Amino acid sequence: MDLFAPLMDRTWTAEGNWGDGSPFFQQVHFSYDLEGSVVIARSKGFIDTKQTQKGQRNLGLRRYDSVNGQWKFWEFDAFGGLTTGTVTGDSTEIRYTYTYGEATLTDLWKRIDANTYRYVVGSWGEADWDAIYLDTEFRADPISPITEMFARLKTKLEGAWSSPAWDGTLREYWKVDGGGDLVQSAEYEENGVVSYRASNRIQLHGDQLVLYTLIEGNAPKIFQATFFDGKQVVFHNQEYTNPNRVTYLLGENGFQRIIAGTENGEPVRYIFNFTKLDQP
């Protein structure tokens with residue numbers, strides 16, 4: 001899924017002119033669905049033959065076919081049409097290849113920077129374009145700092161992790177679910193026995209980042225992000241005694257979680273240093 005990761009949870013807009021002079025407009029938002037196994041692309045564009053009225057024009061699906069070892073896409077449009085094809089690429093570009101009439105066409109997203117992609121529609125030869133019908137740029141709509149922080153958490157925390165804890169080991173498994181939330185399951189094992197399990201969910205509600213945590217056998221707790229700076233995010237709820245603060249520190253090779261609160265009138269703090277596991 002790394003192929004589409006730089007585009008996810010953002011809206012991208014492009015305008016320009018086709019080779020015949022007719023106007024082009026597209027605004028597309030990318031998101032995950034089906035527990036993160038499908039990429040959804042919802043596009044607005046011209047929905048009339050005069051190309052003056054804008055509306056919801058396309059609904060696109062991208063999914064990796066593990067049997068054939070390739071990405072495939074399906075693009076449904078408001079006029080009843082369906083375009084299908086394959087997707088290739090890497091960290092610098094994404095190429096859609098499909099049949100239009102009797103021609104084989106390529107749509108290229110070429111990364112310029114984190115917020116800009118060159119967008120080309122044309123006929124690709126063996127090493128260069130045989131013909132170009134559209135050449136413009138997609139630019140990402142501005143995102144808030146908290147949305148950017150949430151995206152960084154998703155990128156950093158996804159996967160399986162382990163940390164020493166008390167006299168045992170704490171293991172956690174993070175993933176992005178179909179709704180775009182960051183979800184976690186955890187278990188603590190000591191002397192071969194799992195003594196407790198927990199789950200967490202991090203959600204973005206408007207301009208608020210919220211952490212939901214549930215330890216098996218306990219009431220759920222809710223924390224709101226009150227500080228973040230790109231390297232750490234602090235979740236806090238002053239109505240709780242312990243914990244009332246959960247901090248995630250993001251490092252180069254792992255992350256650290258600090259749980260703080262008050263016990264018997266004294267401040268307490270627990271620090272967990274997580275390293276990534278090769279296998280969940």
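How do the residues of the lining of the second largest pocket divide into nonpolar, polar and charged?

The model is predicted, so local features need pLDDT of at least 70 and side-chain atom pairs count only at pLDDT 80 or more, while totals for chains, interfaces and linings use all residues. Residues are numbered from 1 along each chain as its sequence is written, and side-chain values use heavy atoms, with hydrogens and water left out.

**View 1. Lining of the largest pocket.** This pocket has a volume of about 1,100 Å³. Of its 35 lining residues, Trp18, Phe24, Arg57, Asn58 and Tyr98 are the closest to its centre. A pocket is an open set of points on a 1 Å grid over the protein atoms alone, where a 1.4 Å probe fits, with protein on both sides within 12 Å along at least five of seven lines; lining residues have an atom within 4 Å of a point. Grid points are joined across faces, edges and corners, and the volume is the space filled by probe spheres set on them. Strands that each supply at least two lining residues include S2 (23-33), S4 (54-65) and S8 (103-113). S2 gives the largest share, six residues. Strands (E, at least two residues) and helices (H or I, at least four) are DSSP runs, numbered from the N terminus.

**View 2. Lining of the second largest pocket.** The volume here is about 860 Å³. Ala5, Met8, Asp9, Ala151 and Thr155 are the closest to the centre among the 28 lining residues. Helix H1 (145-157) and strand S12 (168-176) are the elements that give two or more residues to this lining, and the largest share, seven residues, comes from H1. By class, the lining has 11 nonpolar, six polar and 11 charged residues. Ala, Val, Leu, Ile, Met, Phe, Trp, Tyr, Cys and Pro count as nonpolar, Asp, Glu, Lys and Arg as charged, and the others, Gly among them, as polar.

View 3. Threonine 213 lies in strand S15 (residues 208-215). Its relative accessible area is 19%, and it counts as buried because buried means under 20% (1.4 Å probe, protein chains only). The side chains of threonine 213 and asparagine 200 are joined by a polar contact of 2.8 Å. Such a contact is a pair of N or O atoms within 3.5 Å; within protein, one must be able to donate a hydrogen and the other to accept it, and residues adjacent in sequence count only if both atoms are side-chain atoms.

Methods. Buried < 20%, exposed > 50% of the residue type's maximum accessible area, 1.4 Å probe, protein only.
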